[in-house]
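New notebook page. I want to get my bearings in this structure, starting with the whole chain and then picking one residue to look at.

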Amino acid sequence: MPPAVYRAVREQCLEQVASFFQRAACPIEAPEKTNFGDIDLIVSEPKIMPLPVDSLARALNAERTIQSQPTYCFAVPYPGREGNYVQVDVHVCESKFFDWEIFHQSHGDLWNLLGSSIRPFGLTANNTGLHVRIPEIENFNRKKSLIFLTAESHTVLDFLHLDRAILSRSFDTVESMFEFAWSNRFFRPKAYIRPDLKANDRKRLAQRELYRRFVDDYVPSRNVRAQQIDDVVELTRQEVLDEALETFNKRSEYRARLQAWREEREELAHKQASREWRKRKAAADEAYTDAWVKSLKPSTQMNGLG
């Protein structure tokens, strides 16, 4: 969709959707974007429960609806093009995550860039907020390794040493977004060397044009500054973990989660050892029985001869 059509349909749909929810908003546009696909709306706190999806579809004049909670997809007529449709995705989120989801989705390309910076230090940002991973658990279960830190956008920006002003404005240019990503305190150019990228980042490289431009063009063009950054004192993952636990008051949860994980692993190891012991015992018993039966066969044969 060209920008004019996108904005017209977006505003019309947002007005209709807002009558069904206490909170409704649309993520801001990416910088320099000239063509649009789907329209994404973030909502929370339905005014009527259960959500009257059919009524919402009629309000949007949707020809087709796909319900895949927590996201509902509507096919809305494309203005002036009979038989063509615009996909409108209405994502229902918990109220406590509403502001974060707006921020996170508004700057999806930025978070793709930031993700490569913070991941080596055990940090992860997703649709529910900023998390830190427990190293001991991560290699066995990435999901269980996550400790939620915060869903407050301004607090996340402070922790990354990024300017809060981005909360009230969009980036004017792609270059300004790249510069902003570069300014986060965890940025290290070596995290963006193409041959060393992790699987997820290689996928982004193939699918996300702005990520590819950042890796292939922007970072190499800053070689002088890159050398200066790589010369600074390096943070360790343990230092970042300790700082995150203290900053967000998560030390007690970290200890409890780690202790529970270790106890679970010990229990699993004990069960595994017990299973192995039972297997060995069963095998030994079977071997003993087989040997005993074989030892009886000659006697049985001799008794038959007599």
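This is a predicted model: local features need pLDDT of at least 70, side-chain atom pairs count only at pLDDT 80 or more; totals for chains, interfaces and linings use all residues.

**The whole chain**

I started with the secondary structure: the chain has 12 helices and eight strands. Next I looked up the radius of gyration, which is 29 Å. The globule rule gives 19 Å for 306 residues, so this chain is more spread out than a compact globule.

How much of the chain is buried? I find that 38% of the 306 residues count as buried. As for the surface, the chain exposes about 18000 Å², and carbon and sulfur atoms supply 49% of that area.

Then contacts: I took those between residues at least 6 apart in sequence, and 60% of them join residues at least 24 apart.

Charges next. I have 44 positive and 44 negative ones, and their mean positions are 6 Å apart.

I picked Ser 145, which sits in the loop between α5 (135-138) and β8 (146-150). Is Ser 145 buried or exposed? Its relative accessible area is 0%, and buried means under 20%, so I put Ser 145 down as buried.

What does its side chain meet? I noted a polar contact of 3.2 Å between the side chains of Ser 145 and Arg 133. Leaving aside neighbours within four places in sequence, Ser 145 is in contact with Val 132, Arg 133, Ile 134, Ile 137, Glu 138 and Arg 257.

Methods
Residues are numbered from 1 along each chain as its sequence is written. Side-chain values use heavy atoms; hydrogens and water are left out. Helices (H or I, at least four residues) and strands (E, at least two) are DSSP runs, numbered from the N terminus. The radius of gyration is taken over C-alpha atoms; the globule rule is 2.2 Å times the number of residues to the power 0.38. Buried means under 20% relative accessible area, exposed over 50%, partly exposed in between (1.4 Å probe, protein chains only). Contact means heavy atoms within 4.5 Å. Accessible areas come from the Shrake-Rupley method with a 1.4 Å probe; for residues, only the protein chains shown count as cover. Lys and Arg count as positive and Asp and Glu as negative; His and the chain ends are not counted. The place of a charge is taken as NZ of Lys, CZ of Arg, CG of Asp or CD of Glu. A polar contact is a pair of N or O atoms within 3.5 Å; within protein, one must be able to donate a hydrogen and the other to accept it, and residues adjacent in sequence count only if both atoms are side-chain atoms.
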